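Hi,

Here is the structure I promised to pass on. Have a look at it first, and then read my notes below.

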Amino acid sequence: MKALFPYLHWADIVYKTIGAERERYELMPELNGLLCQLFSSDNVEFSIFCGTPCVHQKITMQISKGTHILGYAKFCDNNEIKHIFQREKETLDYLGQKGVKSVPQCLYNGEWRNGITIFVQTTTKTRHSSTDHRWGARETAFIKELHEKTKLHIPFEKTDYYRDLCLLCEEVNNLQGFDTKPIVNGVSKVLNSYTNKEVNFSFYHADFTPWNIYVEKGSLYAFDLEYAKRSYPPYLDYFHFFTQTAIFERYLEADGIWKLFQQHKNDIKETGEYKLQGLIFEHIGYLNLGQGMHEQAINNYRESIYYYELAGDSIGEVYGCRNVARTYFAKQNNDSADWYANRGLFLLSDTTNQVRSSLFQLLGLIAKDNKQYTEAIDYFVSAIKSSKDKNDGLRYYL
């Protein structure tokens with residue numbers, strides 16, 4: 001529909017109907033020269049979008065030559081947004097170094113004049129590009145590539161995810177008029193699950209939605225990586241895409257989103273992406289556990305184990321077993337907790353993996369709860385010996 005707008009310029013009846021007037025604008029010579037230089041063109045044309053109304057609103061300009069879209073330029077005079085521009089430049093440079101081709105390249109980020117900063121990027125978008133409003137194979141392939149090319153094995157406390165959870169804890173008291181207990185409980189469960197452990201995290205777009213992607217010649221491309229993070233749990237972009245489209249395109253609230261997700265799970269199953277399915281059920285388990293819904297969490301974790309097994313991801317299976325064991329222990333079902341913890345140890349071929357230490361600790365807690373103190377001590381000693389972090393090992397002495 002946007003392609004028809006230029007033709008309205010010549011329709012006098014439109015101007016009379018809406019009370020508009022014709023105006024002519026052109027780029028300042030120095031800005032025109034900069035853009036021509038960046039895009040290696042002798043002339044450029046432009047169209048302007050004043051930005052989505054929000055705290056980080058900025059003017060965006062589409063740069064073209066005839067019917068060929070060359071790229072985009074964003075303008076701001078706000079210091080906070082300037083910082084966001086710089087962070088996006090670093091993000092695009094980082095992804096370029098990692099070999100990710102389905103994102104723009106930053107051509108320029110710097111002060112122009114009178115305190116105004118310009119951010120300029122490339123695009124492969126054309127007049128024939130489309131977008132996906134429903135999750136499919138292209139979206140799965142995109143976030144899978146992001147994970148494979150950017151995955152990190154690092155301590156949880158050194159991740160962006162940990163830092164952001166800590167910031168959320170600091171700010172939660174400022175949420176006046178809201179019941180913050182579910183947020184606090186959810187964050188606590190996540191922290192308890194990951195604290196003092198090595199994690200396999202990767203890149204997170206953080207605003208992966210139909211309005212920030214496009215499809216060109218069958219391939220999916222993403223842009224607007226202003227809020228991206230480098231070390232988050234893999235495939236979280238699926239949840240963001242799903243919830244944002246449910247809210248803004250289907251106008252659903254929490255209960256409706258959950259019901260929609262139950263229907264949507266079959267779409268994910270049809271993709272055959274078993275590891276993605278395992279991760280989805282694992283994180284749903286965390287959400288249910290945070291709400292105190294133990295049986296639902298256990299079922300989610302069991303589903304994750306099933307899909308990790310199909311994916312050939314033995315470490316995912318082990319973590320699934322540990323999650324089930326911890327939840328059973330929280331329910332004081334020690335027999336089931338003991339079975340799943342031992343199952344996790346049986347599946348763990350890598351004796352150096354940090355999860356081995358936490359499984360021994362859990363078995364120690366179960367034995368202690370059963371008043372089998374000698375066995376508990378043996379398990380805690382094994383946990384200490386298995387721990388890579390000697391400071392972490394001290395907590396088993398306690």
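Let's start in the sheet: strand β3 (residues 68-76) and strand β5 (residues 116-122) pair in the antiparallel sense over six bridges. Two strands count as paired if DSSP finds at least two bridges between them. One example is Ala73, whose bridge partner in β5 is Val120. As background, strands of a sheet pair through backbone hydrogen bonds, either parallel or antiparallel.

Before you go further: this is a predicted model, where local features need pLDDT of at least 70, side-chain atom pairs count only at pLDDT 80 or more, and totals for chains, interfaces and linings use all residues. Residues are numbered from 1 along each chain as its sequence is written, and side-chain values use heavy atoms, with hydrogens and water left out.

Helices (H or I, at least four residues) and strands (E, at least two) are DSSP runs, numbered from the N terminus.

Now the whole sheet. Five strands make an open, antiparallel sheet in the order β1-β2-β3-β5-β4. At its edges sit β1 (45-49) and β4 (106-113), each pairing on one side only. From one strand to the next, the twist averages 20 degrees.

What packs on the sheet? Helix α3 (residues 29-38) does, touching β2 (59-65), β3, β4 and β5 (contact means heavy atoms within 4.5 Å). The direction of α3 makes about 165 degrees with that of β4; axes are lines fitted to C-alpha atoms, for helices over the stretch in contact, and angles run from 0 to 180 degrees between N-to-C directions. Helix α4 (residues 79-97) lies across β3, β4 and β5, at about 25 degrees to β5.

Cheers
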